[in-house]
Amino acid sequence: MDVITLSHGSGGRITHDLIKEIFFKYFKNDILLQQSDSGIVQKLDGEIAVTTDSFVINPIFFNGGDIGKLSICGTINDLAVSGAKPMYITVGFIIEEGLKIGDLEKIVKSMAQTAKQANVKIITGDTKVVEKGKADKIFINTTGIGLIEDEGLILSTNNINEGDKVIVSGTLGDHGMSIVNLREDFGFIAGIKSDCSLLDILAKDILNTSKNIKIMRDPTRGGLATALNEIAELSKMSIVISEKEIPIQDEVMSMCELLGFDPLYAANEGKLVAIVSSHDAEKVLMAMRKNPLGRDSKIIGEVINDNRSRVYLRTEIGGTRILNMPEGELLPRIC
């Protein structure tokens with residue numbers, strides 16, 4: 001068979017053959033190969049971080065990655081910006097009847113390679129097949145488990161103070177505009193590429209540089225503006241960022257201007273934003289720039305206390321506008 005059929009989800013021989021020939025082939029590790037109803041892991045000594053996410057991106061293959069790589073990066077990044085060492089991932093697949101088995105294998109191989117890069121084990125999973133037209137090729141659900149190794153580490157919006165600096169690790173909007181360009185076949189030939197990447201090493205570099213990291217976030221859906229609004233709301237502080245300091249690729253900016261998008265609300269899959277004490281901000285910035293994924297890092301703003309819990313953008317022409325939490329659908333199916 002060249003495509004997924006309903007028989008692949010029946011739980012019978014064909015299902016077991018699929019699991020052995022694709023999932024066990026690439027995800028193989030001592031825990032997964034126990035083939036139990038649950039993955040049994042060793043006792044973890046310390047606080048445990050757990051995250052879960054689902055990935056429904058369209059298209060499933062894009063410039064810079066695929067839904068498989070995206071699912072592993074997204075899960076690991078959520079753990080990493082929480083200060084955890086990523087250790088284990090579970091995966092659940094909902095596959096539409098008719099998906100090419102070769103495409104499934106590419107996705108699974110990509111997931112295995114990405115997990116291996118971060119020294120993370122995929123320890124258990126599940127596969128369901130739905131009738132043609134009941135899904136869109138493939139959906140992936142993940143749960144990630146990580147260990148907080150630093151007993152004194154507390155990353156919380158409660159730690160944020162007036163004067164703290166806002167640092168972003170690189171150019172914004174790359175993923176969102178890459179997906180729109182490909183899905184809508186706009187034909188931008190400048191080569192806009194998704195930034196889909198693992199942030200575990202960069203996050204570790206940041207935490208090893210300073211004990212005054214207040215919070216880190218990866219600005220995925222809703223982009224930087226949404227992430228900062230969440231931080232402002234939870235911290236009861238406001239944030240001011242400078243338009244001229246925000247790193248955005250010329251190609252991304254041009255595409256946004258042409259299509260009416262705001263890059264500050266566009267998705268990222270390989271960037272983080274950190275709120276850092278003003279005393280350590282420059283030191284952290286230098287450490288981030290030594291990492292390939294942080295070479296374009298910039299200090300873009302600071303925290304203020306005006307009792308409004310807002311995010312402000314100081315424009316290049318000298319004005320100020322409020323960046324509100326977005327309402328409605330921004331970009332469909334970008335993660």
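Which helix is glycine 176 found in?

1. Glycine 176 sits in helix α4, residues 174-183. Helices here are DSSP runs of H or I with at least four residues, strands are E runs of at least two, and both are numbered from the N terminus. Before going on, a word on the basis: this is a predicted model, in which local features need pLDDT of at least 70 and side-chain atom pairs count only at pLDDT 80 or more, while totals for chains, interfaces and linings use all residues. Residues are numbered from 1 along each chain as its sequence is written, and side-chain values use heavy atoms, with hydrogens and water left out.

2. Is glycine 176 buried or exposed? Glycine 176 counts as buried because its relative accessibility is 0%; buried means under 20% relative accessible area, exposed over 50%, and partly exposed in between, with a 1.4 Å probe and protein chains only. Beyond its neighbours within four places in sequence, glycine 176 is in contact (heavy atoms within 4.5 Å) with Ala267 and Leu331. From glycine 176 to phenylalanine 139, the separation is 37 residues in sequence and 18 Å in space, C-alpha to C-alpha.

3. Now for the partner helix. The axes of α4 and α7 (residues 250-259) come within 10 Å and cross at roughly 60 degrees. Axes are lines fitted to C-alpha atoms, for helices over the stretch in contact, with angles from 0 to 180 degrees between N-to-C directions. That angle makes α4 oblique to α7: under 35 degrees counts as roughly parallel, over 145 as roughly antiparallel, 65 to 115 as roughly perpendicular, and the rest as oblique. At this meeting, Asp174, Met177, Val180 and Asn181 of α4 face Val252, Met255, Cys256 and Leu259 of α7.

4. On to the packing. The largest nonpolar core has 94 residues, and Phe27, Phe93, Leu104 and Ile138 have the most contacts inside it. Such a core is a set of buried Ala, Val, Leu, Ile, Met, Phe, Trp, Tyr and Cys residues joined through side-chain atoms within 4.5 Å. Another core, of six residues, lies apart from it and includes Ile31, Tyr88, Ile123 and Leu147.

5. Finally, the sheet. Four strands form an open sheet in the order β1-β6-β4-β5, with mixed pairing; two strands pair if DSSP finds at least two bridges between them. The edge strands, β1 (47-55) and β5 (121-130), each pair on one side only. Strand β4 (residues 85-96) pairs with β5 in the parallel sense over nine bridges, and glutamate 96 has valine 130 in β5 as its bridge partner.
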